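Open the model in your viewer and keep the selection tool at hand.

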Amino acid sequence: MNRRMFLKTLGTAGAALAAPTTAATLAARDAAASGEPLATLYDLSKCVGCGACVAACRDAHAADYPQPRKPFPKMYPSRAKVEDFSDRRDVDDRLTPYNWLFIQSATVNRGGAPVTVNIPRRCMHCTHPPCAELCPWGSAVRHDDGAVAIDPSICLGGAKCRDVCPWSIPQRQTGVGLYLDLLPAFAGNGVMYKCDRCHDRVAGGGRPACLEACPYEVQTMGPRSEIVAAARALARDSGGFLYGETENGGTNTLYVSPVPFAELHAALDTGPGRPGLAQAADVMGDQANLATAVLLAPLAGLAAGALRLAGRARRAMTKEDDHA
């Protein structure tokens, strides 16, 4: 029995294997009939780095950004560091809790001439996301349409999702979330934030804000099998290179570049909030991680339920305080 069948049998990958109900490029009923998640293809030869997608993402998610309480509680142990971007909300050259998409650029020498490639970077939305399968609190989830999202109402900011992500995508904001009302000195350190591929918009029959705003049609969205076929054809016909089809076991974000990704990775300014483009092994293909996911699944489900109840109680108390 292979890994995916094993997970399916145990019920730990139901969300990852369910059929989508909506699509950006198909009518809702046609997408549901396709029986597969949605993926996006970025033709990097078209991206000029204008930043329209970044601005659209910010506008679309303005209400979702954190509003931290200060001063922050002292954390134990001391290695639990504050991560605060609330006074740097305008930062747009890296991923932050207030910037879920940014343009990463790399210049390489090809045929004796410099070539600059602009790369819109956000969550890769893996087909088997380690952030969702290894989150001990059940706060990260893969939706039926293939989008991977973090529920800020139950996330405790422990950063397990970032630790297991091959690209370290999720970013933490201290001083916000449920941990403040549980054990603020010990329970996590805020909430983790990242792109959710505009899941609610797509569920309503719309398109992700970044795709809608792009004036150069850099991004295409559709059922994953169609997007993979289109990406392969584009790479073949243009002499380009494909990234995302197999990285980390396959993602729902695919890039086709005129430059090899190894060269782009070597030229990138990487670091916190600035992911690379190196080859990424399948995290959930590791037997230890697979076993952990199997053991965590029922516990994470229980934890998520308990945290949701705590969140409801917290919101009810807040309403009572507001009316008092």
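**Stop one: the largest cavity**

In this predicted model, the largest cavity has a lining of 15 nonpolar residues and three polar ones, with no charged residues. Select Cys47, Cys53, Pro120, Cys214 and Val218: of the 18 lining residues, these lie nearest the centre. Now colour helix H4 (52-60) and helix H8 (209-213), the elements that each give two or more residues to this lining. The space inside the largest cavity comes to about 130 Å³.

How many cavities of 30 Å³ or more are there? The count is four.

**Stop two: the second largest cavity**

Clear the selection. Pick Cys123, Cys126, Pro129, Cys131 and Cys165 next. They lie nearest the centre of the second largest cavity, which has 15 lining residues. Its space is about 110 Å³. Which classes make up this lining? Twelve residues are nonpolar, two are polar and one is charged.

**Stop three: Ala281**

You are in the loop between helix H10 (261-267) and helix H11 (287-323). Is Ala281 buried or exposed? Ala281 counts as exposed because its relative accessibility is 61%, and the cut-off for exposed is over 50%.

Along the chain, Asn248 and Ala281 are 33 residues apart. Draw a distance between their C-alpha atoms: the separation is 4.9 Å.

Note on methods:
Residues numbered from 1 in each chain as written. Predicted model: local features only at pLDDT ≥ 70, side-chain atom pairs only at ≥ 80, totals over all residues. Heavy atoms only, no water. 1 Å grid on protein atoms, 1.4 Å probe; cavity = no way out; pocket = protein on both sides within 12 Å on 5 of 7 lines; lining within 4 Å. Points joined across faces, edges and corners; volume = space filled by probe spheres on them. Helix = DSSP H or I, 4+ residues; strand = E, 2+ residues; numbered from the N terminus. Nonpolar A, V, L, I, M, F, W, Y, C, P; charged D, E, K, R; others polar. Buried < 20%, exposed > 50% of the residue type's maximum accessible area, 1.4 Å probe, protein only.
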